[in-house]
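Trainee: Please walk me through how to read a few features of this entry.
Mentor: Gladly; open the sequence and the coordinates first.

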Amino acid sequence: MSFQKRAFMPIAILISSLSFSQEEASEINKKQYEKRVYTTASIVGKGEITIDGKIDEEAWNVVEWSSDYVEFEPDVGTAPTEQTKLKIAYDDKNLYVAFKCYEKDPSTIERRMGRRDDFPGDWVELNIDSYNDDRTGFSFTISASGVKGDEFVSNNGNNWDSSWNPIWYVDTQIDAEGWTAEMRIPLSQLRFGNNEEQVWGLQSTRRYFKNEERSLWQPVPANPPGWVSEFGELRGLIGLKPQKQLEIQPYTVAQLDTYEAETGNPYRDGSDTKLTGGLDAKIGVTNDLTVDLTINPDFGQVDADPGAIALDGFEIFFQERRPFFVENKNIFDYNFAGNQDNLFFSRRIGRTPQGSAYGEGAEFADDPINTTILGAAKLSGKTKDGWTLGILESVTANEYADFVDEEGNEDEVLVEPLTNYFVGRVQKDFNDRNSYIGGIFTATTRNMADNLQFLHSHAYSGGLDFQHNWKDRKYYVEGSSVISNVRGSAEAITNTQYSLTHLFQRVDASHVEVDPNKTSLTGTGGRFEIGKGSGGNWRYNFGGNWRSPELELNDLGFLRQADEIRQYANVRRFWNTPTSWFRQANIGLNQFTSFDFEGNYNRIQYEVNGYVNWKNNWWTEGGAAHKPRIFSNTVLRGGPRWRWSDENYFFLFAGTDGRKKFNMHVGHVNSWSQQQNFGLQRYVLRFFYQPLNTLSLSLITEYEQNPNKTQYVTERSFNGTPRYVLGKIDNESLSATLRVNYNINPNLTIQYYGQPFIFNAKYSNFNYVNNPIAEDLNDRVTWYDNNQISFEEGVYNVDEDKDGTTDYSFGDPNFSFVQFRSNLVVRWEYIPGSEIFLVWSQGITGIGDPNNNFNTIIDNQLLSQRPQNTFLIKATYRFVL
């Protein structure tokens, strides 16, 4: 969801910011608004409506205009600068909507172009709760320039899914009084019951760009208890028949890959070609439930992941970008412990194969990048009785890697087995939609092979969750529980016990130990929270979560670290009434502590943060934190518990008025610890420029330095005693992300994305762990002197006892990583729902020389390399039956 949309969402702004004071909010913020009702009528027999933005057909006269929009931002409850009118009519197949957006000087109407769901310039929006469940809705937005936006709204406005792309029709016009818009929304794109007379929730929002105002048809107070639950009503819908949806969208892709040929490598001869096809379908099983199908899906037009390096060894979390898995993602979501921990992480489906042809005596190998998804299907939706259902089933193929051995013989090896993934999700609303209970079940089943016994053969997880709201939804209590079970060979389960997520081999842990004979693990997790979520000027919550040592979710979910119990508390104060110097502001306090299941008190943190949107629409956010206690069970990768020195940090970001043709953000994060144990300096610059309504550019640059005197290097043995070798690391990273969007018209766009990423790390001042939990850094580690360590031919040799004999060695840990990824996409929606993509992707990935500076790395490792190019043409056609 775009920044412009987020800025007015009824859940308000929950981002961090600076502190300040203000007079108490006016009585307007406490005002309870009556629910508005709009009565529509059928145009059957009254003529037809042509979608041209002119609103001049006779059929429109069967309904009246509704107006009296009320400002929501920045000055809630007041009359807007410019008024808006709304009309709604219908026939047997469609809902028709007309808007008249007044503007005294039509030349000031901002007609910026953008991609679908980009929400540029002036726009007007319609929200429909056709389930009338006070929790879910369908959002249709149209800009004055004709750009469409559509989102599926769930969880009472806390989730807005912009991947939902229904087929609907719209046009706009500019006239002497302002601008107008007409919509035709096929009823097949909505979900509703079969009652003779329907009552739907209704809301409309207008963005008045000139003053950066949001006004609403159904007024709501500041910090409302929800979004969908506060809608007005649409009545007069008589005799509507649910429309079962049936859409089939076949596609074909022609692809050419070019790259630098490798002498003697039959798999890298300079180019590859392929022609593939597949099918997507959407079938309305009932008016409430839809089945989505995909056969041999293609995601060639999807942006590449950004560059990133994790020195702590943990897996990096990347957002899902593939359309099939993004759509209705909120239904399957089961985030139970904060951060990214979730029972369902769809990127596990089609993952990079976990085996490799290397190690099989291969001289050359062709390891596939992704596992082939043979097909996937999901049933999802919400019934009029309050049941939210989601079932996803996917099968990935046996994936083979080809290789040539040293004697020139060709063969193949299985690197990922045939795997079935299943997810089932259900929630039930009750108590007049103020409460729900739900559950989830996931299963991963692999058709195992002898050479892949390091994988789990089966992985299951399940959970129950609930939420209850009371006192007009101002207060809530919610919770969830999780159980997991993984099975496999003794090798697979031993590997899991040794993994960074678990580390059962920790030398000082008495509550876990590696059992090499185990063939299954069972763990639990969960969360409980209570708080005030809306209404008035204050929000607060407190709660806790846990993840037991044997909890394992990474076959179909995402779990960073098990063996943790966490308590947290948060409070935030909002100022929503504008003053002479700001439009909106908030300030918050956060606190948390964490323990492991042995009872070790590992961490406590305090943070203050705040946000202010100034009168000129510039903004500032910032905060500061103190961490007086930081212990980690993972730093030494199976070694003893480690203590970090106390840390303090602050962050400060600011931005100019986002409405301007040129605007920018600047930010800085600064962290430092006692005795300079570690630190962080992060600098961010973001530039946004729209020289033409049809052309927009953005450049986001980040530079980071993250020095650390005790970065883990390796583990060695000294006279039978483990030696945990650390070193001082000086690392820096630089990234720049350029985006260019050129909109020839709302249905024909050219988009470019490019990101170079450079990471350079140099080690020095090596040391080893002495007393890992000592408060003083000099007691925590012992530094090698020049008579103990020497460097020769890429290897550090350590003579710890200085007897003239090398006691242990380790390789040079210095490294440099270079990456460049770009994507140029021409997208033409030649008829609604049917598209042609022309794509050119370019990529460079390699290891640089850490002894070089950034300029030399850019010249030698980035610009001088021959990139890999991918050219593809993808065509889809959407049959609506």
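**Buried loop residues**

Mentor: Arg433 is buried, at a relative accessible area of 17%. Buried means under 20% relative accessible area, exposed over 50% and partly exposed in between, using a 1.4 Å probe and protein chains only. This is a predicted model: local features need pLDDT of at least 70, side-chain atom pairs count only at pLDDT 80 or more, and totals for chains, interfaces and linings use all residues. Residues are numbered from 1 along each chain as its sequence is written, and side-chain values use heavy atoms, with hydrogens and water left out.

Trainee: Where is Arg433 placed?

Mentor: Arg433 sits in the loop between β22 (419-430) and β23 (435-446). Strands (E, at least two residues) and helices (H or I, at least four) are DSSP runs, numbered from the N terminus. Arg433 has a positive phi of about 65°, although it is not a glycine.

Trainee: What is the phi of Asp563?

Mentor: Positive, about 60°, and Asp563 is not a glycine. Asp563 lies in the loop between β27 (538-547) and β28 (564-575). Asp563 counts as buried because its relative accessibility is 5%.

Trainee: Is Glu82 buried or exposed?

Mentor: Buried, with a relative accessible area of 8%. Glu82 is in the loop between β2 (70-73) and β3 (84-90). For contacts, look for heavy atoms within 4.5 Å. Leaving aside neighbours within four places in sequence, Glu82 is in contact with Tyr102, Glu103, Lys104, Arg206 and Tyr208. A polar atom of the Glu82 side chain lies 3.0 Å from the backbone nitrogen of Lys104.

Trainee: Which residues does a cis peptide bond join?

Mentor: Glu73 and Pro74, with omega about 5°. Pro74 is found in the loop between β2 and β3.

Trainee: How do I read strand pairing?

Mentor: Two strands pair if DSSP finds at least two bridges between them. Strands β14 (residues 246-258) and β15 (residues 271-284) run antiparallel, joined by 13 bridges. Asp257 has Asp272 in β15 as its bridge partner. Six bridges join β15 to β16 (residues 289-295), again antiparallel. A hairpin of four residues links β15 to β16.

Trainee: Which residues of α4 are buried?

Mentor: Ala492, Ile493, Thr494, Thr496 and Gln497 are buried in α4. Their cover includes β24 (456-470), β25 (475-488) and β26 (520-532).

Methods: A polar contact is a pair of N or O atoms within 3.5 Å; within protein, one must be able to donate a hydrogen and the other to accept it, and residues adjacent in sequence count only if both atoms are side-chain atoms.
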